[in-house]
Amino acid sequence: MNSSYLNFKDKHILVVGDVMLDRYWHGGTSRISPEAPVQVVKVSTIEDRPGGAANVALGLAKLGVAVTLVGVVGKDENAEVLTRCLEAEGVRCQFVYSETLPTITKLRVMSRHQQLIRLDFEEREDSLSQNDAVATMVKDCLPNMDAVIYSDYAKGCLADVQTLIQLSNTVNVPSFIDPKGDDFSIYKGATLVKPNLLEFENIVGKCSSVKELEEKAKTLREQFGWEALLVTRGEDGLILLSNNKPPFSLATAAKEVFDVTGAGDTVVAVLTAVYVTSKRFIDAVEYANQAAGYVVGKLGTASINAEQLDAIMYQRNRTTNFGVLSPVDVLEQIKLAQVSGEKVVFTNGCFDILHPGHVAYMKQAKALGDRLIVAVNTDASVKRLKGEKRPINNLEHRMAVLEGIGAIDWVTWFDEDTPKEIIEALSPNVLVKGGDYTIESIVGAEHVLSHGGEVKVLTFVDGYSTTSIIEKANL
């Protein structure tokens, strides 16, 4: 996915959920109160930011998306403050005003970039009239939307979320859910549901391994008819389960975690914006992961704009997508390619002295699929196979030369005598060898074939061999 996809200006997304005002009191601390053993904060700055579903809407607006926000607020000053904050960023507010409930407000007292205390001002009172008013607003807005996000903080706005999801499905508007609570059946029929690991395990029970998590996620997704289920796992990254696709996981993009406030809001906002543009869950997840990594490095409820996200993805693609990668990093790229529907071709060898026969062979191999990966024996492996005088060129030099061949997408290495382990780890779609092998004699062929892949034997170009080049050089 290239940067042109980041033009969201023709997209309109509806956000429905529990809106809040996040208020920050900032000040210095230099003494202890004489009244009690607590710090005295001399407040110097008061900052108001949209929170909850309002932060999701703000995140979309920062990306350049047209946003309409539906939520419940009180008839109070804080509702006016929240509305001003949102409208200043271009969010269209469609609020249900409660006669009895205050606008949910979370006050955080901050000093020296540390949160000292949080005070919550909120009450919950579900009512049929409130639910009907929200549903009416949603029904009126949906026909003009590319997607809807239901941001549930269990504060009452989404007490009848199943009705809202049905309204979305009636007009074929995809619905993205940031869930809450111990009953996910209320989200039946949604397009994508995004719980964090704690929320997910609250529903399915503790997962002792990634495999168990994936199995339980698959069952849950199928049970409630979701097209996709995304489980965010904090420092362990995230896992996506979607229709007719293998599980897709990504390591966290966060380099330093400073404040996780609003990270989930950022994920669902970016996820939805990218999906309505690309129509690919895998693209949406990759961008959302990078965006979350950015905002957790900021203090307080943070957002990311399209230009910042574009720059992050450009840098990531430029430095990690192609070329020489470690076996671990290349596995992530292969999984991404395969989930995206690309066919990955694998071959291996020592490639001690590269010659025109090798280049022709690589071009033939690449023609069998969309991506070509070449795994190279390490120096120690070559010595065991070829003798103490080999390799002529060390691993770094051999991989650098291979990287320069246009047909090759990724170059990696393996230390074993055979590529069996790395083939089983990477599970390519096509396994290629050159020479007079039979398919049955090719290492790794059984594994590739058992996973529905192909094994091909290509003919080397006559007149070229590393051994003959070395013999001539010794004359």
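Select residues 410-414, strand β17, together with β16: the two pair in the parallel sense over five bridges. Strands and helices here are DSSP runs numbered from the N terminus (strands E, at least two residues; helices H or I, at least four), and two strands count as paired if DSSP finds at least two bridges between them. Within this pair, A375 stands opposite T412 of β17. This is a predicted model, in which local features need pLDDT of at least 70 and side-chain atom pairs pLDDT 80 or more, while totals for chains, interfaces and linings use all residues. Residues are numbered from 1 along each chain as its sequence is written, and side-chain values use heavy atoms, leaving out hydrogens and water.

V344 has R371 as its bridge partner in β16. Between β15 and β16 the chain passes through helix α11 (residues 356-366), a right-handed β-α-β crossover; with the strands pointing away from the viewer, the path from the first strand over the helix to the second runs clockwise. Strand β16 (residues 371-377) is largely enclosed by the rest of the structure, because six of its seven residues are buried (under 20% relative accessible area, 1.4 Å probe, protein chains only; exposed is over 50%, partly exposed in between).

Move to the open sheet of nine strands, with mixed pairing and the order β5-β4-β1-β8-β9-β10-β11-β12-β13. Its edge strands are β5 (92-98) and β13 (248-250), each pairing on one side only. Select β1 (residues 12-17) and β4 (residues 66-74): they run parallel, joined by five bridges, and I13 is partnered by V67 in β4. Helix α2 (residues 77-87) lies across β4 and β5, at about 170° to β5 (angles run from 0 to 180 degrees between N-to-C directions, with axes fitted to C-alpha atoms, for helices over the stretch in contact).

Which residues touch the most other members of the largest nonpolar core? Show V15, L60, L69, F176 and V270, from a core of 53 residues (buried Ala, Val, Leu, Ile, Met, Phe, Trp, Tyr and Cys joined through side-chain atoms within 4.5 Å). Helix α7 (residues 263-278) gives the largest share of this core, nine residues. Another core, of 36 residues, lies apart from it and includes A190 and L220.

Finally, select the cysteines. The whole structure has zero disulfides (cysteine sulfur pairs within 2.5 Å). For C85, the nearest cysteine sulfur is that of C93, 9.8 Å away. C157 is buried, at 4% relative accessible area.

Conventions. Contact means heavy atoms within 4.5 Å.
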